Structure formats: structure tokens, C-alpha cells
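This report describes selected features of the structure shown below.

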Amino acid sequence: MGRHAGFLYRRDDGSVRVLHLAFHHSLRDDQADQWDATIRARFGADLRWADLGLPDDSRVVFAAHLSQLLLGNPQIPYGLDAGGTAFTPDGRFVRGPVGKGLTCATFIAAVLAGYGHPVVMDNWQPRPEDQAWGEQILAMLEGRASQEHIDAVRADIGASRYRPEEVVGAAVSPLPEWPLSFPDAIALAEQIVQELA
Amino acid sequence: MTLWDLSYLDNSEFDWLSGGVPVLNIRDDRELRAPPRTVAGGHGRKVGYRFHLVTAMPGSAAVDSRWMFDAIASDDANGRARLVPTIQGINSLIALEAYSRLDAFFDSMPASTASRHLLLAVARSSFPVRIKLSRWQPFVLRVRDAFEARGLDAAALLKGLLG
């Protein structure tokens with residue numbers, strides 16, 4: 001299926017966690033080493049990380065903010081188009097119209113934007129391969145989402161896709177460069193893909 | 001660009017999240033009736049209160065406002081330990097739409113002495129409802145000035161909040 005992304009952070013109990021939108025209504029806060037072992041076993045891949053491009057003090061505060069996101073048990077729909085959705089710092093997910101939702105990548109962008117740190121611009125362009133990816137997501141939603149949601153997502157197939165490596169590349173670039181444009185994020189994403197190879 | 005795997009993870013690579021998850025509780029009201037006591041310390045300023053303010057919010061249960069006093073009395077040495085209670089406190093007041101209470105808190109926060117992490121957390125957490133908070137911008141401007149006076153990169157820390 002491709003790549004996946006989330007926030008890696010440390011809690012005050014010393015545990016290192018991965019906060020990520022795994023799929024439809026599945027926001028997870030996994031123990032990083034356990035999740036790493038799981039994806040190694042299942043996909044032969046491993047977890048890689050880089051520092052968020054925020055100043056050190058901002059990252060301390062942002063980590064505290066991340067720990068609060070799960071308290072409201074937000075049920076975040078998985079969708080190809082995030083239109084109308086938003087993440088507020090008090091842990092509330094604001095739903096958009098039916099079928100709208102987040103991916104692992106747009107979850108990262110939405111959380112950062114909700115905290116006053118927009119990391120990517122809204123000028124992403126659709127690409128031919130987005131169609132095929134959308135079809136795969138639709139197939140995966142079968143049996144996991146309501147028919148109403150699935151039908152609405154089908155209408156969004158072909159929408160511009162923020163790929164995990166693009167949002168990650170933007171998020172780990174220096175803060176003065178935020179928010180990154182589509183071409184700049186693509187360039188950084190290519191570096192990430194090379195690193196992962 | 002370098003991506004690290006977990007084997008490179010150590011204490012120095014990450015920002016610690018300090019502070020446990022607080023449980024809001026209502027203190028015994030005998031404490032409310034006790035006269036406030038202050039503890040002088042540091043550079044002569046009052047650093048603590050021995051009673052807990054319970055605030056009755058319209059249409060809701062009383063909430064523990066202890067975190068406010070802890071935030072006001074904070075400094076860079078103890079601020080990180082108070083981050084989670086402060087963020088939770090801000091979030092609670094936002095959920096209750098207690099904007100006048102938040103405004104009063106902003107005016108009470110001593111930007112020159114309070115923990116830089118708490119100042120930043122307060123500014124960021126209240127950012128989405130800033131249009132409802134008449135004292136938000138003056139507060140953030142004070143934080144900006146204080147950060148600059150402390151030699152911090154105010155522009156980077158407050159990026160996206162002003163202008």
C-alpha cells in the first residue's frame with residue numbers, strides 16, 4: 001500500500017509513543033517499539049523518524065498537546081478529501097460533510113494546523129496515480145465504514161493526495177519554510193523515499 | 001536528510017512530556033474557608049497559595065482552578081511539570097466557553113517570570129478561540145516581548161500566532 005506516518009513523542013513515564021491515524025475511526029497511540037516490531041513482522045519495514053522542524057521549546061509544548069488528543073476519543077473518519085474537517089487543540093475533531101475525513105498524512109497536517117503551525121499549503125495537484133490509490137482505499141473501507149461514508153468517499157476518488165512522505169518532509173523542514181508548497185514538498189519527499197529504500 | 005531508526009533513540013533526542021494526567025477534583029470546602037496563606041520565596045514574590053480556588057461556572061459543576069495558580073507561580077525550572085494540567089485547564093475553560101475567566105487568567109500571567117513553556121502552551125492552546133478572547137492578543141504581545149527580553153527566538157516560538 002505504501003508508506004504511513006504519525007507523530008513520535010515521549011511521555012513523562014518515559015514511554016515513546018506513536019500517535020497516528022491508522023485507518024477509519026482508528027486513531028492510535030501505540031508503544032513505538034511494539035509498533036515497530038509489528039510492522040517489521042508484517043511488512044518487512046521499520047519505523048524511521050526525524051525531528052519536527054519546530055524549535056525545541058515548541059516541541060516540548062507540542063508533545064504535551066499531543067498527549068491530550070486521545071482523551072476525547074475522537075472518531076476520525078478516513079477520507080480522501082479533508083474538506084470541512086479540522087482538529088482543535090482541545091482534542092476535538094470537527095467533522096466535515098459525510099465522506100470527508102483524514103488520512104495519516106492529513107491527520108498530521110490538521111493537528112499541526114490546529115495548533116497554529118500550518119505545515120503545507122492547500123495547493124496540492126492531483127496526480128494520475130491518486131486514482132488507483134483512491135480505489136484501493138475504497139476497497140479497504142468496505143465492511144469498516146458505513147455505506148453512506150463509502151459512497152461519499154467514492155465521489156472523492158481522484159482528489160489531490162497529500163502523501164505521507166510529502167507531509168513528513170514538510171514537517172521536518174525548518175520552521176521558517178512552513179507552510180511548504182506542493183513542489184517543495186515533493187522534492188523533500190523524494191529524499192525521504194531514498195532514505196527509506 | 002537523515003531518518004533515524006529506533007536504535008538511535010535516547011533521552012537527548014526527544015522532548016520530554018512532563019506531568020501526569022491530572023484528575024479534576026473538588027477540594028474539601030473546609031479549605032475554601034481557610035484564610036489564604038502565601039509562601040514567599042525566590043526573589044521576594046509570592047510563589048504559592050495554600051488554598052484551592054473552586055470556580056463555579058454557569059450551568060456546570062465547579063472546577064478546580066489550581067492549575068491557574070501553579071501556572072502563574074511557575075518559572076522555567078518547574079514549568080514543564082505543569083504543562084499537561086495547564087493545557088487541560090485551558091481546554092476545559094474553552095469547552096465551558098468561560099472566556100472571561102480565560103481573559104482574567106491572561107492578565108494574571110506574569111510573562112516576565114512564568115515558565116516559557118507554559119506561556120507558549122497557553123498562547124497555543126487558546127489560539128483557536130482567540131476571537132472570543134479580548135485579552136488574548138495583549139497577552140501574546142506581552143509573551144513576545146518577554147521572550148525577546150529573555151533572549152529567546154520569539155518569532156519562531158510564536159510563529160503563526162501574530163499577524
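Are α2(A) and α5(B) parallel, perpendicular or oblique to each other? The model is predicted, so local features need pLDDT of at least 70, side-chain atom pairs count only at pLDDT 80 or more, and totals for chains, interfaces and linings use all residues. Residues are numbered from 1 along each chain as its sequence is written, while chains are lettered from A and ligands numbered from 1 in the order in which they are written.

**Helix packing between the chains**

Two packed helices are described by the angle between their axes and the distance between the axes. For helix α2 (residues 56-66) of chain A and α5(B), the angle is about 60 degrees and the axes are 9 Å apart. Axes are lines fitted to C-alpha atoms, for helices over the stretch in contact, with angles from 0 to 180 degrees between N-to-C directions. α2(A) and α5(B) are therefore oblique to each other; under 35 degrees counts as roughly parallel, over 145 as roughly antiparallel, 65 to 115 as roughly perpendicular and the rest as oblique. Helices here are DSSP runs of H or I with at least four residues, strands are runs of E with at least two, and both are numbered from the N terminus. On the α2(A) side, A:Asp57, A:Ser58, A:Val60, A:Val61 and A:Ala64 meet B:Arg116, B:His117, B:Leu120, B:Ala121 and B:Arg124 of α5(B). Such a contact requires C-beta atoms, placed from the backbone, within 7 Å.

**Chain B and helix α4**

Chain B has seven helices and five strands, in the order β-α-β-β-β-β-α-α-α-α-α-α. Of its 163 residues, 32% are buried. A residue is buried if 20 or more other C-beta atoms lie within 10 Å of its own, exposed if 12 or fewer, and partly exposed in between.

In helix α4 (residues 99-108) of chain B, the buried residues are B:Leu102, B:Phe105 and B:Phe106. Seen down the axis of α4(B), they fall within an arc of 100 degrees, so they line one face of the helix; the arc is taken over directions from the helix axis to the C-beta atoms. B:Ala104 and B:Asp107 are exposed on the other side. The cover over the buried residues includes α2 (66-72), α3 (83-95), α5 (116-126) and α6 (136-149) of chain B.

**The nonpolar core**

A nonpolar core is a set of buried Ala, Val, Leu, Ile, Met, Phe, Trp, Tyr and Cys residues joined through C-beta atoms within 7 Å. The largest one holds 81 residues, and A:Ile108, A:Ala109, A:Val167, A:Ala171, B:Met109 and B:Leu119 touch the most other members. Helix α3 (residues 104-114) of chain A gives the most to this core, with eight residues.

**Backbone and single residues**

Most residues other than glycine have a negative phi, and most peptide bonds are trans.

A cis peptide bond, with omega about -10 degrees, joins A:Trp178 and A:Pro179. A:Pro179 lies in the loop between α6 (164-171) and α7 (182-196) of chain A.

A:His20 lies in strand β2 (residues 16-23) of chain A and counts as buried, with 21 C-beta neighbours inside 10 Å. Leaving out residues up to four places away in sequence, A:His20 touches A:His4, A:Ala5, A:Gly6, A:Arg28 and A:Cys104.

Technical notes: Two residues are in contact if their C-beta atoms, placed from the backbone, lie within 7 Å.
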